[in-house]
Amino acid sequence: MISIDPAMQSERDNYKLLIGSVIPRPIAFVTTLSQDGVLNAAPFSYFSIVSSTPPMLSVSVQRKNGVMKDTARNAIEMGALVIHIVDEAAIAAVNETAANLPPHESEVELAGLTPVASETIAVPGIAEAKVRMECVLERSIPLGGTGEIPTCDLLIARVVRFQIADDIYDNGRIDPEKLNPVSRLAGSYYSTLGKLFSIERPQ
């Protein structure tokens, strides 16, 4: 084994080890609404489940030179966001939304995606997604870097409404093959589900 002290190498080198090791990572495609009414959208792979009671998700939004990104700022200011699961049919359009646009321009328009009204919050979702989760912001936690200049904003989002496509939903469960989700690897690489297998958990 190679032993590496993260304190002895650059942030970029640590980043490469993390994104090359923690794979595959699910992708949260997040829409938020600015105070000026601009619909912002961006993908994030620092994403996971926090709790099922109540249902909560975490999305870590990295800052750029200490400056908060539109997604984090909008979610904090408006108190709401929509988290979508990315599938193979939508990945090309979702990838376009990673472009670095100014706050007054909408990535949704850039990618040719279709906004759809949410039932419980003011932030619209995206019609092309097979899974949309309307969320309120439970908590925002600045982390990393220093106290004065954090490197990320950890958003804890509480799901207040699930929107699931009819064709992937079966008796309370989601068919993974029909969802056909895409996950993030390192560099420009993505992955689909690949081989599925089952192992019984111990009692």
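Analyst: Let us begin with strand S13 (residues 183-184), which is joined to S14 by two bridges, the two strands running antiparallel. Within this pair, Arg184 stands opposite Tyr190 of S14. This is a predicted model, in which local features need pLDDT of at least 70 and side-chain atom pairs count only at pLDDT 80 or more, while totals for chains, interfaces and linings use all residues. Residues are numbered from 1 along each chain as its sequence is written, and side-chain values use heavy atoms, with hydrogens and water left out.

User: What makes two strands pair, and in what order do S1, S13 and S14 lie?

Analyst: In general, strands of a sheet pair through backbone hydrogen bonds, either parallel or antiparallel. Here two strands pair if DSSP finds at least two bridges between them, and the elements themselves are DSSP runs numbered from the N terminus, helices being H or I of at least four residues and strands E of at least two. The order S1-S13-S14 forms an open sheet with antiparallel pairing, and its edge strands are S1 and strand S14 (190-191), each of which pairs on one side only.

User: How many strands does the open sheet with S3 and S4 at its edges have?

Analyst: That open sheet has seven strands in the order S3-S2-S6-S9-S10-S5-S4, again with antiparallel pairing. S3 and S4 are the edge strands, each pairing on one side only, and from one strand to the next the twist averages 35°, where axes are lines fitted to C-alpha atoms (for helices over the stretch in contact) and angles run from 0 to 180 degrees between N-to-C directions. Inside this sheet, the antiparallel strands S9 and S10 are joined by 12 bridges, and Ser140 has Leu155 of S10 as its bridge partner.

User: How should I read the cysteines, and how many disulfides are there?

Analyst: A disulfide is a covalent bond between the sulfur atoms of two cysteines. The test used here is a pair of cysteine sulfur atoms within 2.5 Å, and by this rule the count is zero. Cys135 is in no disulfide, the nearest cysteine sulfur being that of Cys152, 18 Å away; likewise, Cys152 is in no disulfide.

User: Are Cys135 and Cys152 buried or exposed?

Analyst: Buried means under 20% relative accessible area, exposed over 50% and partly exposed in between, with a 1.4 Å probe and protein chains only. Cys135 counts as buried because its relative accessibility is 0%, and Cys152, with a relative accessible area of 9%, is buried too.

User: What is a pocket, and which residues are closest to the centre of the largest pocket?

Analyst: On a 1 Å grid over the protein atoms alone, a pocket is an open set of points with protein on both sides within 12 Å along at least five of seven lines, and lining residues have an atom within 4 Å of a point. The largest pocket holds about 1,200 Å³ of space, and among its 42 lining residues Pro43, Phe44, Gln62, Lys69 and Ala98 are the closest to its centre. H1 gives the largest share of this lining, six residues.

User: Which strand gives the largest share of the lining of the second largest pocket?

Analyst: S4 does, with three residues. The volume of the second largest pocket is about 530 Å³, and of its 24 lining residues the closest to the centre are Pro26, Phe47, Ile85, Leu179 and Pro181.

Key. 1 Å grid on protein atoms, 1.4 Å probe; cavity = no way out; pocket = protein on both sides within 12 Å on 5 of 7 lines; lining within 4 Å. Points joined across faces, edges and corners; volume = space filled by probe spheres on them.
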